[in-house]
Amino acid sequence: VCIGAVVSSTAPLSADLEVTGPVTLSVFVSSTALDLDVTAKLVYVCPDGQARSLCEGIQRARFRDGPDHAQLLTPGEVAEISVNLIATANVSSMFAH
């Protein structure tokens, strides 16, 4: 069940853009739940509207400090969660326009 989503977009690119290397999203969350999953996806949207997924990842809140340091959220407190989207290597011109 998705209970919230954040989407961020830029203006259309005026030149090719290269995205190469590791990609990480850091978010600060507060929840009444003890645990939750944060998912993230980096998507290139072509001028014709086609969406191309470049990389994605998921992080369970309880493992935000690593798999050996499980810690549930404290309801109402803010916690930082970083999602590793794995590395990517893309240039926007490689997609048909």
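Mentor: The side chains of Asn90 and Thr88 form a polar contact at 2.4 Å (N or O atoms within 3.5 Å, one able to donate a hydrogen and the other to accept it; for residues adjacent in sequence, both must be side-chain atoms). This is a predicted model, in which local features need pLDDT of at least 70 and side-chain atom pairs pLDDT 80 or more, while totals for chains, interfaces and linings use all residues. Residues are numbered from 1 along each chain as its sequence is written, and side-chain values use heavy atoms, without hydrogens or water.

Asn90 belongs to strand β4 (strands are DSSP runs of E, at least two residues; helices are runs of H or I, at least four). With a relative accessible area of 13%, Asn90 is buried (under 20%; exposed is over 50%, partly exposed in between, 1.4 Å probe, protein chains only). Ser92 sits in the segment after β4, and Ser92 is also buried, its relative accessibility being 5%. In space, the C-alpha atom of Ser92 lies 8.4 Å from that of Val19, although 73 residues separate Ser92 and Val19 in sequence.

Arg64 is buried but has no salt bridge (a Lys or Arg side-chain nitrogen within 4 Å of an Asp or Glu carboxyl oxygen). The nearest side chain of opposite charge to Arg64 is that of Asp65, 4.6 Å away (Lys and Arg count as positive, Asp and Glu as negative; His and chain ends are not counted). Backbone oxygens do lie within reach of Arg64: its side chain comes to 2.8 Å from the oxygen of Ala61, and a polar atom of that side chain is 2.8 Å from the oxygen of Gln71. Beyond its neighbours within four places in sequence, Arg64 is in contact with Gln59, Gln71, Leu72, Leu73, Ala79, Glu80 and Ile81 (heavy atoms within 4.5 Å).

Turning to the whole chain, the secondary structure consists of four strands and zero helices, in the order β-β-β-β from the N terminus. The chain is more spread out than a compact globule, because its radius of gyration is 16 Å, well over the 13 Å that the globule rule gives for 97 residues (taken over C-alpha atoms; the rule is 2.2 Å times the number of residues to the power 0.38). Along the principal axes, the C-alpha atoms fill a box of roughly 45 × 25 × 20 Å. Of the 97 residues, 25% are buried. Among contacts between residues at least 6 apart in sequence, 65% join residues at least 24 apart.
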